[in-house]
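Subject: Structure handover, cavity search

Hi,

Please look it over, then read my notes below.

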Amino acid sequence: MHILLGNNEYFPGIGKIRYEGPETDNPLAFRFYDENRVVAGKTMREYFRFAAAYWHTLGSTGADPFGAPTKALPWLQAADPLQQARDKMDAAFEFITKLGLPFFCFHDFDLVAEADTPTESERRLHAIGEYARAKMADSGVRVLWGTANLFSHPRYMNGAATNPDFAVVARAGAQVKTALDLTIALGGENYVFWGGREGYLSLLNTDMKREQDHLARFLHIAKDYARAQGFTGTFFIEPKPMEPSKHQYDFDAATTIGFLREYGLTHDFKLNIEVNHATLAQHSFPHELQVAADAGMLGSMDANRGDYQNGWDTDQFPNNALELTEAMLVLLESGGLQGGGINFDAKIRRNSTDPDDLFHAHIGGMDAFARALLAAVAVLEKSPYRQIRRERYASFDSGDGHRFESGQLDLNDLHRIAGESGEPPLRSGKQELLENIVQRYL
Ligand code: XUL
Ligand code: CO
């Protein structure tokens with residue numbers, strides 16, 4: 001089928017964003033992100049696999065609970081939903097290719113507005129899917145992951161897969177089937193489940209055990225369906241502790257890993273770790289990455305940052321090079337992301353109203369990651385970071401420590417050894433030294 005691609009320009013005056021190095025005065029250039037530079041055995045482009053988040057980048061109008069939209073986005077003006085969806089996609093691909101992002105991520109109804117009936121919604125999704133295929137073939141841009149929005153529509157107010165009403169669970173299943181079909185048709189590399197309403201507001205009306213059993217059953221049948229269609233990518237669960245639900249079942253990485261293990265889902269599912277979700281759970285981003293990596297389940301990440309002074313999900317663009325350097329240390333030491341990439345699940349502020357603000361935001365985020373990667377590689381290659389960490393545990397490398405680690409000692413042995421050794425000398429954790437080492441290579 002021949003598809004006529006739109007030719008409106010939505011970001012006039014902005015050309016391809018290029019690497020110009022740290023000394024450039026051009027605000028619309030990369031200072032650190034050089035897509036062809038080889039670091040840690042890969043080009044930066046391959047290492048990060050950056051993705052635009054369709055919902056924020058093309059859909060954020062600046063509306064908040066206190067006020068109306070501040071941005072009349074030119075690609076959202078057509079009255080016909082499919083025309084609007086095509087305009088939005090033209091803007092998306094113009095933005096993505098000017099920035100040089102290899103991927104994008106989407107929810108089903110980011111691509112086109114949901115209709116009044118499932119049949120009409122599916123028809124619209126199919127049509128915009130064909131349009132996306134043509135744009136992707138034309139540009140080489142790919143889908144990092146797709147997902148279904150199971151949280152915006154009022155029918156999901158009591159949950160989707162965990163809804164106490166089976167009719168809603170079935171409806172969510174229908175939506176996931178269509179979103180999986182679309183993701184597969186677009187060659188999507190992964191599929192995400194974020195359970196915004198998979199949780200509860202009050203235990204007084206909630207059978208938590210039953211709801212979690214239903215969630216597991218739902219994930220199993222979704223996975224079985226996708227595998228039967230030939231999907232070989234990975235499913236990611238994206239942990240978040242709260243907001244919009246008071247208690248979300250995928251609270252953090254550790255909780256989610258326990259859930260996947262309990263229900264036999266570890267073979268197909270890994271985690272998508274988001275910075276601002278980590279901090280909402282009172283963890284740091286590197287902590288969540290490490291928990292996932294230690295379980296062999298570090299799949300992908302959603303990049304953003306929260307706000308130091310308030311507790312909620314502000315989804316600001318990442319710019320904290322120190323935090324990201326610690327994150328990159330975890331990534332480099334654990335062998336990297338399994339199948340995923342870095343999706344900018346971030347939005348520009350309500351009062352950022354110029355078309356170039358979207359570019360500044362992404363350029364800053366990409367540069368922050370590139371800078372962090374270079375710093376982390378330098379820490380590993382040039383500093384005693386690894387050696388200090390290794391020596392901290394050296395007493396387990398041989399002798400009784402090694403015998404303990406390999407299960408050869410019982411509690412009586414510990415009692416005897418402690419009696420023979422006397423009071424252990426205090427050993428510094430060297431935290432400030434390690435912090436200075438990381439600072440030095442920033
Ligand atoms: C919400 C969030 C979602 C998921 C995809 O906090 O992060 O956008 O990334 O549903
Ligand atoms: Co996210």
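How many cavities of 30 Å³ or more does a search of the whole structure find? The search finds 2.

First, the basis. This is a predicted model: local features need pLDDT of at least 70, side-chain atom pairs count only at pLDDT 80 or more, and totals for chains, interfaces and linings use all residues. Residues are numbered from 1 along each chain as its sequence is written, chains are lettered from A and ligands numbered from 1 in the order written, and side-chain values use heavy atoms, without hydrogens and water.

A cavity is a set of points, on a 1 Å grid over the protein atoms alone, where a 1.4 Å probe fits but cannot get out; lining residues have an atom within 4 Å of a point. Points are joined across faces, edges and corners, and a volume is the space filled by probe spheres set on them.

**Largest cavity**
- Its volume is about 140 Å³.
- It has 19 lining residues; closest to the centre are L150, F193, W194, G195 and E198.
- Strand 6 (190-193) and helix 7 (208-228) each supply at least two lining residues. Helices (H or I, at least four residues) and strands (E, at least two) are DSSP runs, numbered from the N terminus.
- The lining holds 13 nonpolar, 3 polar and 3 charged residues.

**Second largest cavity**
- The space is about 30 Å³.
- Lining residues include P239, K240, F251, D252 and H277.
- Strand 10 (269-274) and helix 9 (275-280) each give two or more. Strand 10 gives the most, with 3.

Regards

Definitions and conventions: 1 Å grid on protein atoms, 1.4 Å probe; cavity = no way out; pocket = protein on both sides within 12 Å on 5 of 7 lines; lining within 4 Å. Nonpolar A, V, L, I, M, F, W, Y, C, P; charged D, E, K, R; others polar.
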